[in-house]
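Here are my notes on this model, as numbered points. Please read them with the coordinates open.

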Amino acid sequence: MAFSGAKEDGREVKIYEYLDELSTDLADYISELSEASVKERGVFAIALSGGSLISLIRKLYEAPYSKTVDWSKWYIFWVDERVVAKNHVDSNYKLAKDGFLSKVPIVPSHVHSINDTVSAEKAAEDYEFVIRQLVRTRVISVSDVSDCPKFDLILLGMGPDGHIASLFPDHPILDEKDEWVTFVTDSPKPPPERITFTLPVINSASNVAVVVTGSSKAEAAHLAIDDIGPDVPSSPAKMVQPTKGKLIWYLDKAAASKLDCTKCSR
């Protein structure tokens, strides 16, 4: 059984008793956005994260989605990536390829991974260049309130510390306003070298979904979603506030256990 509720700022929060139910609803949501985007623009530009998110979108390579989704129109990007070889256990590309991309007929040239043979700084610079080229050709839309890319969907996970992408609490890159893609060499979570979308890019997306499971993330979910007043510093997850796009949180019961659910309804 799922519960959902809307916050005053337009965010939607969905809570699920069972992971299987969450996965099914998430697959419905992604396939519907894909269909709408392909109908409107002819393409679907989606940015993935790593972690448990990939296993939670597994329903997409099962029936009926495996047959009904127009995979040829998908363009894949990564919200963040570890600067390691593509076959390294820490690679978000490898995680997505093994757990999802290898199971659906996405055009290989539509899969845009980072250059893993250069420094983190150069990898971020190269990745931003690729995205800028695809904005010019309108594979990726452009925001109508800034020059930022407007992805059709950005999928995020969240860490127990409230980090999203490779944007960690109190890190200087949270204040980055000019770059679309930046880099870190001092990630508090290994591996230390990473590239990541910046907050302006995440908040320019047409749709953002944050998918969170497990009791270890309950406190971070509470701090990110609930109105806790101005005295508590904002976590990176709380800074996810799409300018014009739609934000949906998908949580299992454990991750939602500390939420103020007075506005949630069955």
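**Notes on the predicted model**

1. Asp-70 and Lys-73 join their side chains in a salt bridge, at 3.3 Å from N to O. A salt bridge here is a side-chain nitrogen of Lys or Arg within 4 Å of a carboxyl oxygen of Asp or Glu. Asp-70 is partly exposed at 31% relative accessibility; Lys-73 is partly exposed at 29%. Buried means under 20% relative accessible area, exposed over 50%, and partly exposed in between (1.4 Å probe, protein chains only). By this rule the count of salt bridges is 13.

2. This is a predicted model: local features need pLDDT of at least 70, side-chain atom pairs count only at pLDDT 80 or more, and totals for chains, interfaces and linings use all residues. Residues are numbered from 1 along each chain as its sequence is written, and side-chain values use heavy atoms, with hydrogens and water left out.

3. Asp-116 forms a salt bridge with Lys-86, with the closest N and O atoms 3.7 Å apart. Asp-116 sits in the loop between H4 and H5 and Lys-86 in the loop between S5 and H4, so the pair ties together parts 30 residues apart in sequence. Helices (H or I, at least four residues) and strands (E, at least two) are DSSP runs, numbered from the N terminus. Ala-85 lies in the loop between S5 (80–82) and H4 (92–99). Ala-85 touches Ser-91 and Asp-116, leaving out residues up to four places away in sequence; contact means heavy atoms within 4.5 Å.

4. Lys-244 and Asp-144 form a salt bridge, their closest N and O atoms 3.6 Å apart. This pair links distant parts of the chain, 100 residues apart. Both Lys-244 and Asp-144 are exposed. Salt bridges with shared partners also join Glu-12, Lys-14 and Lys-246 into one network.

5. Which strands make up the open sheet of three? The order is S5-S10-S9, with antiparallel pairing. Strands pair if DSSP finds at least two bridges between them. S5 and S9 (181–184) are at the edges with a single partner strand each, so one side of each has no neighbour in the sheet. S9 and S10 (residues 194–197) pair over four bridges. Phe-183 has Ile-195 in S10 as its bridge partner.

6. In H7 (residues 218–225), the buried residues include Ala-218, Ala-221 and Ile-225.
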